[in-house]
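Please open the model in your viewer and keep the selection panel at hand. The tour below moves from one selection to the next and says what to look for at each stop.

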Amino acid sequence: MSTTFAAAIREGLATALAADDSVICFGLGTDDPKGVFGTTLDLHKQFGSDRVFDMPTSEAAMTGIAIGAALNGLRPVLTHQRLDFALLSLDQLVNNAAKWRFMFGGQRGVPITIRMIIGRGWGQGPTHSQSLQSWFAHIPGLKVVMPTTAADAKTLLLGSIFDDDPVIFLEHRWLHNMQGDVPAGDVREPLGKARVVRSGDAVTIVAMSYMTVEALHAVDHLAAQGIACDLIDLRSIRPLDWPAVIASVQKTGRLLALDPGHLTGGVAGEIVARIATDHFTSLNCAPQRLAAPDVPEATSPALTKDYHVRAEHIAQAVGRMLGREVETASLIAQRQFPHDVPGNWFSGPF
Amino acid sequence: MNAETSRRLLFDMLRIRSVEETIAARYGEQTMRCPTHLSVGQEAVAAAAGAVLKPTDLAVSGHRAHAHYLAKGGSLKAMIAEIYGKVTGCSRGKGGSMHLIDESVGFMGSTAIVGGTVPVGVGLAYPMKLNNTGQISCVFLGDAVPETGVFFESVNFAVVKQLPVLFLCENNGYSVYSPLSVRQPPGRKLYELVAGFGLKTFHGDGNDVRAVHAALSEGVAAIRAGEGPRFYEFETYRWREHCGPNYDNDIGYRSVAEYEAWKLRDPVPALRRALIAEGAISDADVAAMQAAIDAEIAEAFAFAEASPFPDACDAFTDVYAADAFAPAAG
């Protein structure tokens, strides 16, 4: 059945709540009339306010409370309407959730899922648009999931909720209205498997979350010019499906890593480093990466025009790696909606 | 209070005191290779809480947790082995003195970041309320914790949801070397500050173990009856240095006179004298208690010394439920 990414998240939550009484779901606005962009809408009516509830604006404590509830048998799902809000909870995530299993000798894990929504455009500005997956992926003990499709939104969310470790589940706001076929029922996708979205032998493009959408536009545009790329949607940042990346690079000999976060210290840099150090002889040219620049995202649309990586940048990078001219004018012309919205469906406010 | 409970309180305080003093005495051997925060002088609140809580109640604590762990019933052998870094330790050598756990008696964990386990303890209580289990969650904390944001956030949620939480504060007057006077304005009382969140708060002499026991008995019964969370502040004093086996009155952050005044209020001999005066116990009984404790401690240290270290490869395990992903392969 075709549905939106946001509706798929809601379906995943409803499926988990119905399947297991230990699942609870809370976060700011969870049971309000908008239901976190529709992702939690009316779930409290079906499952009761003990299991689905709003919370005080106390990100740190509510994360610790999720941890304590998990240690006492529950599987909490905590939602932040922006990733940036979750920064208030880093001590609980890094020192408690990520460490509990290890520092107590493996006695008990912390099966929590923390949904964080990454904003972009429409003036989200410096503190509503950060894509900090590399921070969380740096921490042993955390898992980091970044779905792209509606199907993955549901099945990876179910996989995360029923995973026995703490999972940071990163949803890009620009994906919420994406349509896709979603499997019915309780389908739990295990974490750590990438998906090859397009197959080709020219360049390996590694993407995640919304970058996969931009990469798809680029890859399909390049295909019409006779350039076939491998496009890998990582889906999970930690664990990262290295065998899938390595197999592709061994086929293509060229690596372009994409990252919606800042360039320095990012996931794309880690992928480039691992391939360059361990699989150097598989490479025919220097590995490349495209990421957000090392400055905060400004608010005015006049200041964000060239901030994010777009399909034409990806196509041009592939051309440079192959040493050939690629045509991108028609690609740019096809996508003439304003640069600060994901499409006509989005008219603000956040 | 019946004589049996009084004798238990004396035994538990003597046991905690003796364990801590043995650690201090042997720390110089360099075989306990982790920071230790000893509870000498502060035994009364832990012993009273241990006697009031049921084994099925849950508890969490912070960096100075030996007394809480032992009073809740945690294994002494596993604690000493943990401080020795041995595989038989309660955290298999991965936690040390500041990360104690014994789930078999409801001691769910102590951690090293001030305030860090407060929300965890509140979270433990959420399913208790949801499933009406009749348990309570005890959060041990020190006087620095009501300076952290996460403490107030946690208290607020416990009040909003009327969770069965006992917030149990030992106020020993110092956060490392910083006195309360540089951390709170003049005249402020922690229990009055916390009361602003809409829960019942109490305070008392943390070195009068029978008074603490009486207060907590009433409080725990009320919490268990569904009356919501409570906060108890008990004033006490840490005798030895913040971290380590020594005395540090010479470095100038507190006066010898202050220390000596608190030593006169030592909770252990105070109870012993009272029980002997009341005829509830004899000198011979106390000697027998001490002998039993000394034997147990000797056995625990021998166990720790004789236990093997973890395998070096254990450094890479227990990161995830399935360790397949832990050391990422190239």
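A salt bridge, as the term is used on this tour, is a side-chain nitrogen of Lys or Arg that lies within 4 Å of a carboxyl oxygen of Asp or Glu. Please keep in mind throughout that this is a predicted model.

**First stop: a pair of side chains.** Select A:Arg195 and A:Asp152, and you will find a salt bridge between them, in which the closest N and O atoms are 2.8 Å apart. Because the cut-off is 4 Å, this pair counts as a salt bridge, with its closest N and O atoms at 2.8 Å.

**Second stop: the two domains of chain A.** Now colour residues 2-181 of chain A as domain 1 and residues 195-334 as domain 2. The centres of these two domains, taken over C-alpha atoms, are separated by 27 Å. Where they meet, 27 residues of domain 1 are in contact with 25 residues of domain 2, and the area buried between the two domains is about 2,200 Å², with carbon and sulfur atoms giving 56% of it.

How many salt bridges cross the interface of the two domains of chain A? The rule finds two, and it also finds twelve residue pairs in polar contact there. To see the side of domain 1 that touches domain 2, select helix 7 (133-137), strand 6 (143-145) and helix 8 (150-161) of chain A, each of which supplies at least two residues to it. That side of domain 1 divides into 13 nonpolar, eleven polar and three charged residues.

Show both chains, and look at the contact, which takes 46 residues from chain A and 41 residues from chain B. The two chains bury about 3,500 Å² between them, 64% of it on carbon and sulfur atoms.

Which side chains form the salt bridge between the chains? Select A:Arg108 and B:Glu103, whose side chains meet at 2.6 Å, N to O; the count between chain A and chain B is one salt bridge. The same interface holds 15 residue pairs in polar contact.

Among the elements that give two or more residues to the side of chain A that touches chain B are helix 3 (59-71), helix 5 (90-97) and helix 10 (242-252) of chain A. Finish on helix 3 of chain A, which gives the largest share of that side, ten residues.

Notes:
Residues numbered from 1 in each chain as written. Chains lettered and ligands numbered in written order. Predicted model: local features only at pLDDT ≥ 70, side-chain atom pairs only at ≥ 80, totals over all residues. Heavy atoms only, no water. Domains from an automatic or database assignment. Contact = heavy atoms within 4.5 Å. Buried area = accessible area lost by both parts, 1.4 Å probe. Polar contact = N/O pair within 3.5 Å; in protein donor to acceptor, adjacent residues only side chain to side chain. Helix = DSSP H or I, 4+ residues; strand = E, 2+ residues; numbered from the N terminus. Nonpolar A, V, L, I, M, F, W, Y, C, P; charged D, E, K, R; others polar.
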